[in-house]
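Reader: I'm new to this one and would like a close look at a single part. Could you walk me through the inside of it?

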Amino acid sequence: MLYIEITGGVGAGKSAILNYLKENYNCRILLADHIAHDLMEPGAACYPKLRELFGEDDVFLENGQINRPKLAQVLFSDDEKRRSCDGIVHPAVRDYIRKQVRLERQRGELDLLISEAALLTDEKDGAIRDELWYIYTSETNRRERLKENRGYSDEKIDSIFRSQMSEMEYRARCGAEIDNNRTPETAFRQIDDLLQARGIRKKECMEK
């Protein structure tokens, strides 16, 4: 099994890439956002620390669930609390992913395990992952997509861009780059070529 982390700036089109992989290859997809959401639920690993951090911010509902829109407002307006929240949630997400990688390697049923790495994992995780791929989309195209698809304002986009790594930093750390500035099919062909070179075939090829 090949374990690949896929990264890139917000709006780069990682979701479309992940959907293509899921539909066309014998793989499992791990979504960091979904994992984080689960780990923040009452009774989960991060919840007690979040109660302590946001106890005075009115972000908890009567049943104990987190009011996600209110939490997002706090994180957007308070950089210190955003960093503290990241310091709680991100390590827990990384621990969960490490466990899943070990589990799937023991099972031996997959060709690929893919995780979205919006924030790159620690350097020590290089011993776990096999490859790190960078989905490159220009800042102009990303900005247009975020406005059109998510309704983000320029102010919000600027804030997000400032918090993420530069193209140079991504390229310095990633072993492969997929250009996603044109049609989705162009990006998908790049993926097929990369995986074919590593001996990974698409589902229909395996079935013939």
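Which residues have the most contacts inside the largest nonpolar core?

Author: Quick housekeeping before we dig in. This is a predicted model, where local features need pLDDT of at least 70, side-chain atom pairs count only at pLDDT 80 or more, and totals for chains, interfaces and linings use all residues. Residues are numbered from 1 along each chain as its sequence is written, and side-chain values use heavy atoms, with hydrogens and water left out.

Now, your residues: Leu50, Phe54, Val89 and Val93 have the most contacts inside the largest nonpolar core, which has 27 residues. Such a core is a set of buried Ala, Val, Leu, Ile, Met, Phe, Trp, Tyr and Cys residues joined through side-chain atoms within 4.5 Å, with buried meaning under 20% relative accessible area (1.4 Å probe, protein chains only). At least two residues of this core come from each of α2 (32-39), α3 (47-53), α4 (68-77) and α5 (79-107); α5 gives the most, seven. Those helices are DSSP runs (H or I, at least four residues), numbered from the N terminus.

Zoom in on Leu50: skipping neighbours within four places in sequence, Leu50 is in contact (heavy atoms within 4.5 Å) with Met40, Gly55, Phe60, Ile66, Cys85, Ile88 and Val89.

Then there's the way α2 meets α5: they pack at about 110 degrees, axes 9 Å apart. (Axes are lines fitted to C-alpha atoms over the stretch in contact, and angles run from 0 to 180 degrees between N-to-C directions.) So α2 is roughly perpendicular to α5, a label for 65 to 115 degrees. Ala32, Ile35, Ala36 and Leu39 of α2 touch Val89, Ala92, Val93, Tyr96 and Ile97 of α5.

Terms used. Buried means under 20% relative accessible area, exposed over 50%, partly exposed in between (1.4 Å probe, protein chains only). Angles under 35 degrees count as roughly parallel, over 145 as roughly antiparallel, 65 to 115 as roughly perpendicular and the rest as oblique.
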